[in-house]
Every structure is written in structure tokens, then in C-alpha cells.
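Work through the following exercises with the sequence and the model side by side. Try each task before reading its solution.

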Amino acid sequence: MPEIPDLEAIRHYLAPRLEGRTITKVAVPIPWLVRTGADEFQTLAGHRFVEISRRGKFLQFQLDDERVLTINAMLTGRFHWVEAETKKPGQLAVVLGFDDGHELRYSDMRRMGRFYLTEADQVDAIPQFEKMGPDVMAIDEAQFTALIAKRRGQIKNTLTNQEFVAGIGNAYSDEILWEAKLHPHRKRSTMDDDDIHRLFEATRSVLERSSAAVSSIVQSEGIGRKEEWREHLTVHRKASEPCPRCGTPIKGQTRGGSETNYCVQCQPLFA
Ligand SMILES: [Zn+2]
């Protein structure tokens with residue numbers, strides 16, 4: 001599932017390419033992904049995107065007429081920026097053609113992505129937005145500390161809970177907790193001020209570093225071949241490889257189809 005670094009890289013890749021381009025063609029081969037209606041979606045023709053932003057795991061494309069296209073790529077949504085004649089990918093769901101001959105395409109193998117075209121002041125009515133916490137990159141340490149004080153459960157569950165802060169998923173929570181030397185099952189109530197401080201710092205540094213790493217790959221390779229870029233990760237999906245800090249084999253635990261990885265030496269459950 002794409003997380004902040006993947007979405008930031010896609011955003012930075014698309015923003016200069018979409019600038020000043022008018023939408024000339026709209027096609028919705030898998031119409032039910034557009035939750036606000038495929039007919040309404042046709043009204044994008046003739047308009048331009050003026051800005052792309054991100055909130056949690058959602059990309060938001062601001063239009064030149066006070067409307068916003070909000071997209072959640074979920075597990076397998078991919079964005080493509082190609083010339084119109086380029087061969088179509090499997091499970092092509094949405095196509096926007098532009099006046100320079102390019103197409104912004106969205107494909108989704110598991111067809112779980114969601115598109116919402118709304119007025120800018122109706123964005124909060126999008127399902128999940130009402131309960132969603134602030135984007136984790138948009139808050140400072142004091143806000144982070146205040147929000148986490150209200151949480152009691154295991155820290156990995158908290159970090160990946162979009163109602164706490166938005167944007168962190170399974171992969172980057174493992175990376176952040178390894179960097180902060182915190183066990184994923186550690187209860188927040190057992191963490192002291194220094195633990196919380198390290199967690200905030202690790203969150204910032206891992207996400208900033210990874211966003212830069214993914215952006216640089218995407219600038220040279222383009223965006224359409226993957227939905228997430230994970231080559232640079234330190235512990236996630238590295239079970240039984242040596243911990244880069246201490247050499248202990250990384251532990252892997254699978255629960256509900258998603259894997260948690262950590263170092264039993266560097267990330268003790270009881271400090
Ligand atoms: Zn270690």
C-alpha cells in the first residue's frame with residue numbers, strides 16, 4: 001500500500017507535468033471507483049489542475065473552479081503519465097487526457113481505489129475524512145505529544161491508526177520504530193518523555209529521508225511501473241537478515257496478512 005514517501009514522490013512527479021495543461025478527454029473504464037458518479041466526472045473536461053496536495057494516504061488535485069479531485073489508491077492503485085498511444089495497462093480504471101497529448105491514467109489490480117470529485121468545502125464529507133487525524137508531516141512535536149498522550153494501545157497499532165495521525169502504514173511504522181528503538185508491541189502507557197521524543201524525531205527523519213529516496217527513483221524511472229517503492233527500507237520485509245545496527249537477525253511476524261519486522265536486540269519490549 002502506498003504510504004507518504006510514495007505519494008509525495010508521485011505528487012512531485014506529476015505537479016510540473018500537469019501545470020497549465022487542460023483536460024481534453026475523460027474516460028472511466030471502471031466507473032464504480034468514482035464514488036461521486038462517473039457522469040459528473042465528465043465535467044472535468046475543459047478544466048485544469050492548479051495544485052496537488054496530500055492528506056494522509058489521499059492525493060488531492062485542486063481544479064481551477066473550486067472543485068477538488070480526491071484519490072485514495074488503497075492497496076494496488078497505480079498512476080501513469082504516458083503519451084496517449086502507449087499500450088494500456090491491466091485494470092485501467094480512469095483516464096484523463098491532456099492538451100499536450102499525455103494521459104494521466106489510474107489502474108488498480110484489486111479495484112479498491114476511490115475517487116471523489118467534490119466542491120473544495122465538501123472535502124470533509126468524504127468517508128474517512130471526518131475521523132481522520134492530522135497528516136503526520138503537518139504537526140509539530142507538541143501536537144504529536146498531545147495526541148499520543150490520549151492513546152493507550154500498542155505503539156505500532158497507534159502509529160498506523162489513521163484516526164491518530166494520517167499517512168503511516170505497515171511498512172513505514174516498522175522503519176520508524178526500528179529507528180526509534182521501540183518494540184512494535186510496546187504499550188504507549190509504558191513510554192516516557194524520551195521515548196515519545198525519539199518516536200517523533202524518527203517519524204520525521206524516516207519519512208523525510210524516504211520521501212527524498214523515492215522521489216529520486218521516481219524522477220528517473222517514472223511512476224507507472226509500481227504503486228510503492230521499498231528498495232531503500234532497513235527492516236521491513238527483511239526477516240532473518242542481519243539488523244544493520246547490531247547484526248541480530250531481524251524478526252518477522254505475520255498477522256492478518258501483514259508483516260511486522262523488528263530487532264529483538266535494539267527494540268526490547270521491556271526497557
Ligand atoms: Zn539490532
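**Exercise 1.** At roughly what angle do the axes of helix α5 (residues 170-179) and helix α6 (residues 193-221) cross?

*Solution.* This is a predicted model, in which local features need pLDDT of at least 70 and side-chain atom pairs count only at pLDDT 80 or more, while totals for chains, interfaces and linings use all residues. Residues are numbered from 1 along each chain as its sequence is written, and side-chain values use heavy atoms, with hydrogens and water left out.

Begin with the elements: helices (H or I, at least four residues) and strands (E, at least two) are DSSP runs, numbered from the N terminus. Axes are lines fitted to C-alpha atoms, for helices over the stretch in contact, and angles run from 0 to 180 degrees between N-to-C directions. The axes of α5 and α6 come within 8 Å and cross at roughly 125°. The two helices are therefore oblique to each other, given that angles under 35 degrees count as roughly parallel, over 145 as roughly antiparallel, 65 to 115 as roughly perpendicular and the rest as oblique.

**Exercise 2.** Find the order of the strands in the open sheet that contains β1, and state which strands stand at its edges.

*Solution.* Two strands pair if DSSP finds at least two bridges between them. Four strands form this open sheet in the order β1-β6-β7-β5, with antiparallel pairing. At the edges stand β1 (23-27) and β5 (77-83), each with a single partner strand, so one side of each is left without a neighbour in the sheet. From one strand to the next, the twist averages 15°. Now look at one pair in detail: β5 and strand β7 (residues 102-108) run antiparallel and are joined by seven bridges, and Phe79 has Tyr106 in β7 as its bridge partner.
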